[in-house]
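Hello,

Here is the structure I promised to pass on. Please open it alongside this note. My findings follow below.

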Amino acid sequence: MKHAGGTNKAAKRRGAPRRGEPSARERLIETVAECFYREGVRAVGIDTVAERAGVSKSSLYRTFESKDELIAAFAEEQNRRYWQWWDQVVDAHQGPARAKIEALFKALAEQISSPQFRGCPFINLATEIPDRQHPSIVIACANKEEVRRRLCVLSRDLGVGDPRRLAARLALIIDGAYGRAVTLGTRGLEREVLEIVRLVVDTAVAEGGT
């Protein structure tokens, strides 16, 4: 999962982009990917987004009809970045399923150790927005379901008796790691996470008789 950080360079100029420059939509998406994630979707107003993106308010509303639509676009961008990150990690390890699972959790530990990490964006959204039908929450929940589905595929490749059960456990470890990182910090987190992952995988393999 790649989270935006640092200074938003898009805000240096307003108006129509020159050839090769990001469009207003691209600038807005990049801006909310940074400020919504870092500060929260409710804390950052439309005026702030427009100013930081370097676009006029009228241009913003021509691109996104409401703040809710902008929040949904933020969720879509975070979802895209998340699966880009996931695919890069898994595709880089063509070995056994166990190796892919361990590589995924090692990469997770590295990701959440970043100074820019502010928690899981999808959990953050669900915490800020109580409406389960909000488009951004639909995307957030779909992301969590897809995490379980992909973990189930890896678990099935291990030959365990109940891949869905193992996938559910691994998904809980992921979300638990997110919570631990933003509360107690990341010291020793990679070691602890990998110990738990190996334990639950070994248990699932043993229960499956393989």
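In which crossing, left-handed or right-handed, does helix 4 pass helix 7? The crossing is right-handed. Bear in mind that this is a predicted model.

First, the helix pair. Helix 4 covers residues 67-91, and helix 7 covers residues 135-158. Their axes lie 8 Å apart. The packing angle is about 15 degrees. Angles under 35 degrees count as roughly parallel, so helix 4 and helix 7 are roughly parallel to each other.

From helix 4, look for Ile71, Ala72, Ala75, Glu76, Asn79, Tyr82, Trp83, Trp86 and Asp87. They meet Pro135, Ser136, Ile139, Asn143, Glu146, Val147, Arg150 and Leu151 in helix 7. By class, the residues of this contact are 10 nonpolar, three polar and four charged.

Next, the cavity. The count comes to one cavity of 30 Å³ or more. The largest cavity holds about 40 Å³ of space. Its lining is made up of Tyr82, Trp85, Leu104, Phe105, Leu108, Ile174 and Tyr178. Helix 4, helix 5 (97-112) and helix 8 (163-183) each give two or more residues to that lining. Helix 5 gives the most, with three residues.

What classes of residue does the lining of the largest cavity have? Seven are nonpolar, with no polar and no charged residues.

Best wishes

Technical notes. Residues are numbered from 1 along each chain as its sequence is written. This is a predicted model: local features need pLDDT of at least 70, side-chain atom pairs count only at pLDDT 80 or more; totals for chains, interfaces and linings use all residues. Side-chain values use heavy atoms; hydrogens and water are left out. Axes are lines fitted to C-alpha atoms, for helices over the stretch in contact, and angles run from 0 to 180 degrees between N-to-C directions. Helices (H or I, at least four residues) and strands (E, at least two) are DSSP runs, numbered from the N terminus. Angles under 35 degrees count as roughly parallel, over 145 as roughly antiparallel, 65 to 115 as roughly perpendicular and the rest as oblique. A crossing is left-handed if the near helix is turned anticlockwise from the far one by less than a right angle, and right-handed if clockwise. Contact means heavy atoms within 4.5 Å. Ala, Val, Leu, Ile, Met, Phe, Trp, Tyr, Cys and Pro count as nonpolar, Asp, Glu, Lys and Arg as charged, and the others, Gly among them, as polar. On a 1 Å grid over the protein atoms alone, a cavity is a set of points where a 1.4 Å probe fits but cannot get out, and a pocket is an open set with protein on both sides within 12 Å along at least five of seven lines; lining residues have an atom within 4 Å of a point. Grid points are joined across faces, edges and corners, and a volume is the space filled by probe spheres set on the points.
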